[in-house]
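This report is written for a reader who is meeting the structure for the first time. Please keep the sequence and the model in view while reading.

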Amino acid sequence: MPAAPSPARLAAVDLLDQVLEQGGPLSETDRLDRLDPADRAAAQRLAVMTLRGMERADRLLKPHLRKAPPLRVMNILRLGTAELCAGGAAHGVVSDCVEIAAQGKWTASAKGLVNAVLRKVAADGPAAWGKQRFPRLPRWLRDPLVEAWGPQAVANMERVHFEGAPLDLTPKPGADLSALGGELLPTGSVRLRDAGQISALPGYAEGDWWVQDAAAALPVKLLGDVTGLSVLDLCAAPGGKTLQLAAAGAQVTALDLSQARLERVSENLARTRLSATLVAGDAMEHEGQYDAVLLDAPCSATGTIRRHPDLPHAHQGERITELIGLQEALFDKALSLLKPGGKLVYATCSLIPDEGECQVDEALARHPDLRVLPLDAPWIEDKWRSDEGGLRLRPDFWAEKGGMDGFYMALLSKG
């Protein structure tokens, strides 16, 4: 009787089906709940690796396929190809992929195909893999990005996306993270490569740090000293910026529409021994007056593809127009919650100017008393500055260090 396939490989194929057939992001799954931590991490790693290299895998598979197989069979082949070309042991990879096909009612008849194709890939794929171009973004996203930033910049972003993202940590003030052996970035984040299981890292249990991309940690820094100030973190989950504000001494109100997502914020506050007031509710109905408001607005999240390669496959940009309207409404609502002379940080993890620079330009036109405040922090690089006074960060910035998320941010004041 054939041995059962690796639980991690089987789960990784299920995750690929979820993204490529059902349009569901990797972050929204219960498929991994029954796996032990090691298999869970391996399944995520395999799925992410396959999605990053899917264009290359498809190119290598094409000569061996007379016609396109059913999607789940194709995903088994993609997974096997990506793993083989990354140095996976041929016997284990091919055997597991054949057995995954054999277990499925609609894929069992393809187990011979899987075996034959992956044995050919094992022979010639690894040498051909690196000769392929870096996988490109889908047209729905690539075309507007080329228009905004130019073809070379987009090609540089695609290279960073393919190479993947290191793990960035935001230290709690005063915490010593030297035991992690990471790289201290110019902005204060600590970057780790090959971090392994996060909860097993030094300082996790003690609450000395939290996971947060280096670019995502910068909007809070625009506010400067927030000690004792009342700060509203709108659309707060998953909570990295709430933790930053609380650690900096602000009186933080963290508001999010999702009670479930706020539970994760609560868990991280408890682990880091920080405090904030958590409010589940609609931002458009919230009332109050604050010294500062941080609006990390819902957006296309196109700046996070280096960490979330499923994103371009989970949707086709169909909600961007709706999101742009929501961002405008939230922008105006956030301004209404400011005390006289208060500060607003507007931010999005998007590479699309309509969700960043254009939103600030249009807000300035709607509100004659609104102004963009100058930014002079020592960590700001000149190439980050945008024409209207904000900061534009891109994945290809710091490429030699592992890149950063695409982000837009600006500091504003009304009156």
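Predicted model: local features only at pLDDT ≥ 70, side-chain atom pairs only at ≥ 80, totals over all residues.

## Annotated domain

An unreviewed UniProt entry lists residues 129-415 as "domain: SAM-dependent MTase RsmB/NOP-type".

## Annotated binding site

Under "binding site", the unreviewed UniProt entry names Cys235, Ala236, Ala237, Pro238, Gly239, Gly240, Lys241, Asp256 and Asp296. These positions are spread over 62 residues of sequence, yet they cluster in space, with a largest C-alpha distance of 13.1 Å.

Two of the listed residues may be examined in turn. Cys235 sits in the loop that runs between β5 (230-234) and α10 (240-247). Is Cys235 buried or exposed? Its relative accessible area is 18%, and buried means under 20%, so Cys235 is buried. Setting aside neighbours within four places in sequence, Cys235 is in contact with Leu255, Asp256, Leu295, Asp296, Pro298 and Leu330.

Ala237 is likewise found in the loop between β5 and α10. With a relative accessibility of 9%, Ala237 counts as buried. When residues up to four places away in sequence are not counted, Ala237 touches Asp256, Arg261 and Val265.

## Helix α1

Helix α1 covers residues 7-20 and has 14 residues. From its first C-alpha to its last it reaches 20 Å, close to the 20 Å expected at 1.5 Å a residue.

How many residues of α1 are buried? The helix is mostly covered, with 11 of its 14 residues buried. Among them are Leu10, Val13, Leu15, Leu16 and Val19, and also Arg9, Asp17 and Gln18. Against which elements do the buried residues of α1 pack? Their partners are α2 (37-52), α4 (71-85), α5 (90-103) and α12 (311-314).

## Salt bridges

Side chains of opposite charge can pair when their charged atoms come close. Across the whole structure, a search finds 26 salt bridges. One of the pairs is formed by the side chains of Asp58 and Arg78, at 2.8 Å from N to O. This pair links distant parts of the chain, since Asp58 belongs to helix α3 (residues 54-61) and Arg78 to helix α4, 20 residues apart. Asp58 is partly exposed, with a relative accessible area of 23%, whereas Arg78 is buried, with a value of 10%.

A salt bridge also joins the side chains of Lys339 and Asp291, at 3.4 Å from N to O. Lys339 lies in strand β9 (residues 338-348) and Asp291 in strand β8 (residues 290-296), so the pair ties together parts that are 48 residues apart in sequence. Lys339 is partly exposed, with a relative accessible area of 33%, and Asp291 is partly exposed at 23%.

## A helix pair and a network

Arg366 and Glu328 form a salt bridge in which the closest N and O atoms are 3.9 Å apart. Here too distant parts of the chain are linked: Arg366 is in helix α14 (residues 357-366) and Glu328 in helix α13 (residues 320-336), 38 residues apart. Arg366 counts as partly exposed at 29% relative accessibility, and Glu328 is partly exposed with a relative accessible area of 30%. Finally, salt bridges with shared partners join Asp14, Asp17, Arg31 and Arg72 into one network.

Methods
Residues numbered from 1 in each chain as written. Heavy atoms only, no water. UniProt positions renumbered as here; feature names shortened; annotations may be inferred. Helix = DSSP H or I, 4+ residues; strand = E, 2+ residues; numbered from the N terminus. Buried < 20%, exposed > 50% of the residue type's maximum accessible area, 1.4 Å probe, protein only. Contact = heavy atoms within 4.5 Å. Expected span 1.5 Å × (residues − 1). Salt bridge = Lys/Arg side-chain N within 4 Å of Asp/Glu carboxyl O.
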